[in-house]
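Please read this briefing with the sequence and the structure side by side. The points below are grouped by topic.

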Amino acid sequence: MKKILSLAVLAALSTTPVLASGKTLNIYNWSDYIAEDTIKKFEEKTGIKVTYDVYDSNEVLEAKMLAGSSGYDVVVPTADFLQRQIAAGVYAKLDKSKLPNLKNMDSGLMKALGNFDPGNEYAVIYLWGTTGIGYNTKAVAKRLGDNAPTDSWALVFDPANAAKLKDCGISLLDAPTEVIPAAMNYLGLDPRSTKKEDFEKAAALLTKIRPFVRYFHSSQYISDLANGDICVSVGWSGDVFQARDRADEAKKGVEIGYSIPKEGALQWFDTLAIPVDSKHKDEALAFINFVMDAQITADITNYVWYANGNAASLPMVEQDIKDDAGIFPPDEVKAKLWGAKVYKKRTDRVITRLWTKVKTGK
Ligand code: SPD
């Protein structure tokens, strides 16, 4: 018995020897936004034990960061939110001497990130994508015909189309700073406008389609699209591709498409940053450096279907992902993308008030 026990103890020890360092790291990331083995590989390589939590909204992350004492060591703000949060003093400067894998990053994209974080002092790019339309090809064709405008915001923002899609289910991201500018873009207004009247026009349009929207949520649509429980989502590129992948695997005849509308779409960058009150900054830097390893980033992109900012990873990214115009848009599509606007507090209040009205349908 003793021998059996000691063998069992040995076996247990041998599966966890790397965690003997006693070091820990608390990560707060978007849901469905990492490869299934990334954390395990990091723990095995470093002996650092990771606690991993998820969110699906920049507003939720921002509230936690501004309140302070979140307990997190690595978080993943989108660049426009990052800029405001840097100004509020919530992030620590990165010690670049501990990030040798910075050499792998795409210098053009890091320069673009510099518009939000001058000198790339506080953050590195994790993944990037667009906010477009995910749709169930058959369900949409059945209701709007073979010439359904799947290449246009009209698919969802034209009330006549939305009404016909009501029964199969429309979802919108619960992301006011993305959906309202998309509606402005559809209306022919500048999606980066900060004029109150432009926001109001977009909100009026969204209120018209509100009766046909099943829900506002920023992660549930992945499984619902995949299962055929909804048929159109204003969603994030990689999430829609994950839905497509799940639908393909389920083999139940659900086919999912993703479109970057011809009118244009938001291009955003998510970044890795360290809260200033993190208690495990060295471990956080070790994680960021680990993620910037070319193979690790390639594995993440191959798993979550989002483009990344790591030039060295591209040879390891699967060819069909690199070739997909919805993930790595070609130049002519890129020309129609707009960058996120960093809103001042006053504008933010306008957007929040209108969004509440849209969601409640009042
Ligand atoms: N499921 C992961 C989604 C990540 C989306 N990032 C947010 C982009 C906001 N513009």
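In this predicted model, the domain assignment divides the protein chain into domain 1 (7-128 + 269-329) and domain 2 (130-266 + 337-360). Each of these domains is written as two stretches of the chain, as the residue ranges show. Because domain 1 and domain 2 both give residues to the shell around the ligand, the ligand lies between them.

**The two domains**
- The centres of domain 1 and domain 2, taken over C-alpha atoms, are separated by 27 Å.
- Where the domains meet, 19 residues of domain 1 are in contact with 24 residues of domain 2.

**The shell around the ligand**
- The residues that surround the ligand are W30, S31, D32, Y33, N58, T78, E178, W236, D239, W268, D270 and Y306.
- Sorted by class, this shell is made up of five nonpolar residues, three polar residues and four charged residues.

- A nitrogen atom of the ligand lies 2.6 Å from a polar side-chain atom of D270.
- In the side chain of E178, an N or O atom is 2.8 Å from a nitrogen atom of the ligand.
- For D239, too, the distance between a side-chain N or O atom and a nitrogen atom of the ligand is 2.8 Å.

- The largest cavity is the space that the ligand takes up.

Notes. Residues are numbered from 1 along each chain as its sequence is written. This is a predicted model: local features need pLDDT of at least 70, side-chain atom pairs count only at pLDDT 80 or more; totals for chains, interfaces and linings use all residues. Side-chain values use heavy atoms; hydrogens and water are left out. A residue is near a molecule or strand if one of its heavy atoms lies within 4 Å of it. A polar contact is a pair of N or O atoms within 3.5 Å; within protein, one must be able to donate a hydrogen and the other to accept it, and residues adjacent in sequence count only if both atoms are side-chain atoms. On a 1 Å grid over the protein atoms alone, a cavity is a set of points where a 1.4 Å probe fits but cannot get out, and a pocket is an open set with protein on both sides within 12 Å along at least five of seven lines; lining residues have an atom within 4 Å of a point. A molecule sits in a cavity or pocket if more than half of its atoms lie within 2 Å of its grid points. Ala, Val, Leu, Ile, Met, Phe, Trp, Tyr, Cys and Pro count as nonpolar, Asp, Glu, Lys and Arg as charged, and the others, Gly among them, as polar. Domain bounds come from an automatic or database domain assignment. Contact means heavy atoms within 4.5 Å.
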